[in-house]
Amino acid sequence: MEAHKQLTIGLFGFGVVGEGLYKVLQQTPSLKARVKKVCIKNIEKKRNAPVSLFTTDRDELLNDPDINVIVEVIDDAHAAFEIVSTAFRNGKQVVSSSKKMIAEHFPALLQLQKETGRSFLYESSACASIPVIRNLEEYYDNDLLHSLRAIVNGSTNFILTKMFEEGLDFKQALLLAQQAGFAESNPVLDVDGFDAVNKWAILLVHAYGIVETPENILFNGIRQIHAGDASVAKARNQQIKLVAQASKLKNGTVAAFVLPQFVQHTDHLAFVKNEYNGVVIETGFADKQFFYGKGAGSFPTASAVLSDISALRYEYKYEYKKLYHHQPNTLGNDIYLRVYVSFDNLASVPRDRFEWIEEWHAQEERKYLVGVIAFDELKNNNWWKENNTSLILTPDPIIEDIETRKLKKRSLELAGIV
Ligand code: HSE
């Protein structure tokens, strides 16, 4: 048997993930992988590793012929892209955890992989410790993937859990997420859904061969969610989660979005608490499968980086099967969503843009309605994010055949049933 390759690593970043990885590598000597140099921004900061390991000069790593693997775990997407591009051109294999950088530069990164033939692995960039990318790439390598529903951001799930199950306020909960190292250095990325949609853009490539910039995907975060919304959820025996969803439609396109959603207590995603992530995959024959694990934090994220490093010993590469070997899918907007909208002032909700309104609660302290609205209406307008309005999807929110539903609703109305 061929001996495994000796891996000599140049590591960029020594924050929560970088330091975690350094420790994890020290505990896995059988991997035959050693960190030769670590590039950091601030040389003054005290680190838990020998001083001689550190440099601020990128080129010391990128131009070192001894270093055959660049591991990049920094949070500056712009610098990360420069580092990764140079590493490819210098013939190195690359492992990255920079979801923002990957999501925003997918076409260029695919091109670099083609040109250089080098491996580029980034399992830790989505759902941290859950091996979802490799599973989508290798196991779900067929056309039978009906849908994916997932919690992909640990911090927002942590905040929702702490607020609505343990009674903390938003600021306290966010502070705890930051102290634990779950949140991004700019937590707006977590709270407003940017991090989740970046991860969703990455998973759409491996699930459906869809390469789409994050801003083309409908998304929001959890900032607008009110205590009143959580009370409604509780009364209905549901929970509010930030859910990323991708569903194959009857016309062959894929509807994808990341929005807060009411989930039934029996839903697998209701089981996902704190910084954990979860992915429910529905396929033609296997029915539902549920992946669950820590989605943020030092060691859980480092464990996925470690697995990528380990896979490099066998020169593993993503084949992008859905993109290159199948007919890739495209995003489809031809759907309607059943939504709950709560608001202070009715004037800020354009009622005439709903197909129909099913529930109307104007007497409560926090007023709300439940209605059906076109996906494009949400995609093209922002009223639902403004004026202290909050929009949450109802369980099972997608409606495809709106005309049939309208006829059915009308006949029930005529019969006096609704
Ligand atoms: N801020 C991210 C999260 C870290 O909370 O999920 C892991 O990607």
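With which residue does Asp66 form a salt bridge, and how far apart are the closest N and O atoms? The legends below take up this pair and other details of a predicted model, in which local features need pLDDT of at least 70, side-chain atom pairs count only at pLDDT 80 or more, and totals for chains, interfaces and linings use all residues. Residues are numbered from 1 along each chain as its sequence is written, and side-chain values use heavy atoms, with hydrogens and water left out.

**Figure 1. The salt bridge of Asp66 and Lys36.** Asp66 pairs with Lys36, and the closest N and O atoms are 3.1 Å apart. A salt bridge is a side-chain nitrogen of Lys or Arg within 4 Å of a carboxyl oxygen of Asp or Glu. Asp66 lies in the loop between helix 2 (58-62) and strand 4 (69-72), and Lys36 in strand 2 (residues 33-39), so the pair ties together parts that are 30 residues apart in sequence. Helices (H or I, at least four residues) and strands (E, at least two) are DSSP runs, numbered from the N terminus. The structure holds 21 salt bridges.

**Figure 2. The interface of domain 1 and domain 2.** The protein is divided into domain 1 (7-125), domain 2 (132-294 + 319-324) and domain 3 (336-414); these bounds come from an automatic or database domain assignment. Between domain 1 and domain 2, about 1500 Å² is buried, 60% of it on carbon and sulfur atoms. Buried area is the accessible area (1.4 Å probe) that two parts lose on being put together, summed over both. In domain 1, Lys99, Leu110 and Glu123 lose the most area to domain 2, together 36% of what that side buries. Contact (heavy atoms within 4.5 Å) involves 14 residues of domain 1 and 19 residues of domain 2.

Figure 3. Two salt bridges are counted between domain 1 and domain 2. On the side of domain 1 that touches domain 2, helix 4 (99-104) and helix 5 (106-116) are the elements that give two or more residues. Helix 5 gives the most, with five residues.

Figure 4. A nitrogen atom of the ligand is 2.6 Å from an N or O atom in the side chain of Glu184. A backbone N or O atom of Phe182 lies 2.7 Å from a nitrogen atom of the ligand. For Asn153, a polar side-chain atom lies 3.4 Å from an oxygen atom of the ligand.

How values were computed:
Polar contact = N/O pair within 3.5 Å; in protein donor to acceptor, adjacent residues only side chain to side chain.
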